[in-house]
Amino acid sequence: QVQVVESGGGLVQAGGSLRLSCAASGISSTAMGWFRQAPGKEREFVAAIRWSDGSPTYADDSVKGRFTISGDNAKNTVYLQMDTLNVEDTAAYYCAATTKVFFTLYVLSKSRTYDYWGQGTQVTVSS
């Protein structure tokens, strides 16, 4: 049975930090990523990591430089360190894993790349 479980969400003041964790079991993933969905908005890509060489990829300027993705391939575990949080980062954060084989980082930004999804963890940033 495949499980993808996130943890680490919560309430934080603007300017603060949070660290999200995600563990996937029952699969041997080739990459894992984070997406988020704010109320009334579509789900958007945040960051991902490719296990073959440990390469990370991030969404645009909205998170780059503030968020850092890391992980442990052997444990199928990925982390998202979020610093200098602002109100616009408030969303449900979803972890995803894929077993597909691919060659470019670009595909990791697409939700269709991922086979398995977690239930999400809420991050709320107060002003």
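One disulfide is counted in this predicted model, a disulfide being a pair of cysteine sulfur atoms within 2.5 Å. The bond joins Cys22 and Cys95, whose sulfur atoms lie 2.0 Å apart. Cys22 belongs to strand S3 and Cys95 to strand S9, so the pair links distant parts of the chain, 73 residues apart; strands (E, at least two residues) are DSSP runs, numbered from the N terminus. The torsion about the S-S bond is about -85 degrees, and the disulfide is therefore left-handed. Both Cys22 and Cys95 are buried, where buried means under 20% relative accessible area, exposed over 50%, and partly exposed in between (1.4 Å probe, protein chains only).

This is a predicted model, in which local features need pLDDT of at least 70 and side-chain atom pairs count only at pLDDT 80 or more, while totals for chains, interfaces and linings use all residues. Residues are numbered from 1 along each chain as its sequence is written, and side-chain values use heavy atoms, with hydrogens and water left out.

The largest nonpolar core contains 36 residues. Such a core is a set of buried Ala, Val, Leu, Ile, Met, Phe, Trp, Tyr and Cys residues joined through side-chain atoms within 4.5 Å. Trp34, Leu80, Met82 and Tyr93 have the most contacts inside this core. Among the elements that give two or more residues to the core are strands S3 (18-25), S4 (31-37), S8 (77-82), S9 (91-98) and S11 (121-126). Contact means heavy atoms within 4.5 Å. When neighbours within four places in sequence are left aside, the contacts of Tyr93 include Leu20, Trp34, Phe67, Leu80, Met82 and Val123.

Two strands pair if DSSP finds at least two bridges between them. Strand S2 (residues 10-13) pairs with S11 in the parallel sense over four bridges, and Gly10 has Val123 as its bridge partner in S11. S9 and S11 pair in the antiparallel sense over three bridges; here Gln122 of S11 is the bridge partner of Ala92.

Thr84 is located in the loop between S8 and S9. The residue is partly exposed, with a relative accessible area of 49%. Apart from neighbours within four places in sequence, Thr84 is in contact with Gly15, Gly16, Ser17, Arg66 and Asp89. The C-alpha atoms of Thr84 and Phe35 are separated by 18 Å, the two residues being 49 apart along the chain.
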